[in-house]
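Please open the model in your viewer and keep the sequence at hand.

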Amino acid sequence: MPIPVEALLKKKEHFERGPHDRRSEDFHHELFELEEQGEWIVQRAPEPIVPVNTKFGNVKKVPKAHLWHHKSCGQCGHIPGYSTSIFWVMRKLGYDYTDPRDQTSCTAWNYYASATSNAAAQAAVAIRNFATAYESGFFPLIHCGTSYGHYKEVREELLKHPELRAQVREIMGKLNKPMVMPEEIVHYSEWFYALKDEIAAKQVRDFSGIAATVHPACHYYKLVEGDAIYDADVYGGQRTAIVTGVAEALGAEVRNYSTWFDCCGFGFRHILVQRDFTRSFATLRKIERMKEEADPDVVLTHDTGCVTTLDKSQFAAMAHGRNVGVPVMSEAQFAALAMGAHPYKVCQLHWHSADYRPLLEKMGIDWEAAWAEFQQDLKRLEAGEKQYLTWDDVG
Amino acid sequence: MSETIAVIGGGPAGLEAARGLAELGGSVVLIEKENFLGGTPIRENYAALTPHLESAEVAMGRMIDAVREQPGVEVLLEHTVTACAGDAPEFRLTVSGPGGEREIECGGIIVATGFEHFDPGRETQMYGYYEHPDVLALQDLEAMLKEHNVVRPSTGLPPERICFVQCVGSRDRQIGNEYCSKVCCGVASKEAIEVRQQLPDCKVFIFYIDMRMYGYWENQIYWPAQEEYHVQYVKGIITEVLKKGDKLLVRGEDTTMGRPMEVPMDMVILSVGMEPSAGTRSMSRILGIEPNKYGFIEVLNPPLDTVSTSRRGIWACGASLGPADLEDCASSGAAAAMKALAFVRRKTVAVG
């Protein structure tokens, strides 16, 4: 029975994970069991929900509204347009949220820079934030990929170690906060993925001429790998679907490159103490390969550290005459631009290092006029009319 | 009570068991789910058998003819076992086939339902089997070798550089397949030799963790592959296969050099391991015999009793027990036949 090449190709068209794949265990069973035993409160994801598929076939619930924005220190500090875009898009789609003033850093920066304290302290910080969200009645939405990956690991540790739960319970007791674990730990890029069709429905700028490369964050899909979105319609379900799903929904052309799975090189510890390593990695292994093989108009990613390093490492390589020079932004900023957001007031691209102006021109945005508008607003602030711009100023 | 022995599965082990039983004057019903005998070597179009490179079809053909020639063997093609009632030595098997359902009374049962090739989509490493047309598995290459038509599926042209990646789905604690699948090093090396024979200008590489070709395979395959056919063995784990231009970029760690490596290839062949087949899993459920933690049939008293299952009157052989080569299949098939026949005859004598 000879097998032609077509038969082999047909056989490989579709992958379906079988029932006996041992890694399909759903952590929710243990989560709810511990609630029944009185170990903690599981904060339920509020309706309306969008169900999405994860790597091993379990369904994840992504709530559309009533979200508690767990912000990113690196975004608020260095890429403020990233956070603003997330809020702006959520407002445009009409979903309610709260922007808490009493959130703490997840402290995962600490952890990844090898300067961390101990497992109980790390876990207590997480539970404290979750408890604060629970008390507010809103459900946590995590802005940073590193916070998200770290919180997933903390969840694993707490599910498996009763002695750790006991230590954290004692700390929560001192803080007078309940032990709370949300039903799902949801990253903002999962919210964008779940709502990509609603976002595309509000698109006003044409992205059909825009080519993008996607960099998926290690901390999103390599930590607790089962809990990450995979979609049979995106990369045939073989690679994580976030960011790419959104870019494609907006009509952009997503191009491939041979270092897709590589880390951006941010590194936490070595961006502090061995920054040439970070810059070499980001530019030689990621940006140069993207430029050589895909020649994109923009690089899209979904984590604070990734945007930071891919964008801000390029100037150093440029000084050495390397083949760099492509704008980098989050898919949140990209989606916001698609929906008509102001490139400076909302997306705050003036904080970015690699030149984004050719991209804006390709999107049909008159950045000079936009900059002039922004300058006008700054003059109003200088004149003392108000302390800072608010949502009323951005439209 | 019946002295008939039911053999479930008509692959190498089942055929050996059935023939052996019949030659000893036993009465056999051979139940096979496909519409042909020969098992995986025939279903997956194996080209040549390791290590002597005899055609799989010819070798299996001999086994099949030997069974067909025996008057004591009733062959039921396109049949599956759907239920089992009773206890040894009075089992009542329900089989389902094109003609409908039927009950078979038998004194003993031999499970020979074999294995399935590991599906590379399950793997944690990023090999892109379902993304890149030029990434194939061992059995895919067997089919091409049998046809003497080894080409890149993406272009239809012969490859200039082809590599094998060992231990895909085996020796992997992450996915739970902690065992070595035994034959893949030998089979990959054999296929490498065949590729070099069919495409003398093609460079062939094998990326391995350890090369496991025990016994006589050392000199039958391992050395000829290198000395005669110039297959290049590189020690190192491959982690990703991506597309770069019109080639595949194979990335991993070169253990000997102690550094990462990236090598362009035209085709990548994943040496996929063995997992219990759906038939093995369902037989263990239906017949009530204990599986081991990997889903293969558990043997009661290893290593000297290789075929007795947790249930009296039921034996297992071949790859239903775990990764097996053809010698294992022939040997365990014969061992199961011997024990099953001795069992039913003792029972008959005792009753008489």
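How many of the 9 residues of helix 4 (residues 138-146) of chain B are buried? In this predicted model, the count is 9 of the 9, so helix 4 of chain B is largely enclosed by the rest of the structure.

**First stop: helix 4 of chain B**

Select residues 138-146 of chain B. The buried residues are B:Leu138, B:Gln139, B:Asp140, B:Leu141, B:Glu142, B:Ala143, B:Met144, B:Leu145 and B:Lys146. Next, display what covers them. Within chain B, the cover includes strand 10 (115-117), strand 11 (135-137), helix 5 (184-198) and strand 18 (267-272). Helix 1 of chain A is also included in this cover. Then move just past the end of helix 4 of chain B to B:His148, which has a positive phi of about 55 degrees.

**Second stop: where the chains touch**

Select helix 1 of chain A, residues 5-11. Now widen the selection to the whole contact between the chains, in which 21 residues of chain A meet 24 residues of chain B. On the side of chain A, the largest share comes from helix 1, with 3 residues. Coloured by class, this side of chain A shows 10 nonpolar, 5 polar and 6 charged residues.

Colour chain B by domain. Domain 1 takes in 5-114 together with 277-351, and domain 2 covers 118-273. Between the C-alpha centres of domain 1 and domain 2 of chain B, the distance is 32 Å.

Show the strands of chain B as a cartoon and find the open sheet of 5 strands, ordered 5-2-1-9-20 and paired in parallel. Which strands stand at the edges of this sheet? They are strand 5 (73-76) and strand 20 (314-316) of chain B; each has a single partner strand, so one side of each is left without a neighbour in the sheet. On average, and with direction ignored, neighbouring strands here are turned by 20 degrees against each other.

Finish by selecting strand 2 (residues 28-31) of chain B with strand 5 of chain B, a parallel pair joined over 4 bridges.

Methods:
Residues are numbered from 1 along each chain as its sequence is written. Chains are lettered from A and ligands numbered from 1 in the order in which they are written. This is a predicted model: local features need pLDDT of at least 70, side-chain atom pairs count only at pLDDT 80 or more; totals for chains, interfaces and linings use all residues. Two residues are in contact if their C-beta atoms, placed from the backbone, lie within 7 Å. Helices (H or I, at least four residues) and strands (E, at least two) are DSSP runs, numbered from the N terminus. Ala, Val, Leu, Ile, Met, Phe, Trp, Tyr, Cys and Pro count as nonpolar, Asp, Glu, Lys and Arg as charged, and the others, Gly among them, as polar. Domain bounds come from an automatic or database domain assignment. A residue is buried if 20 or more other C-beta atoms lie within 10 Å of its own, exposed if 12 or fewer, and partly exposed in between; C-beta atoms are placed from the backbone. Two strands pair if DSSP finds at least two bridges between them. Axes are lines fitted to C-alpha atoms, for helices over the stretch in contact, and angles run from 0 to 180 degrees between N-to-C directions.
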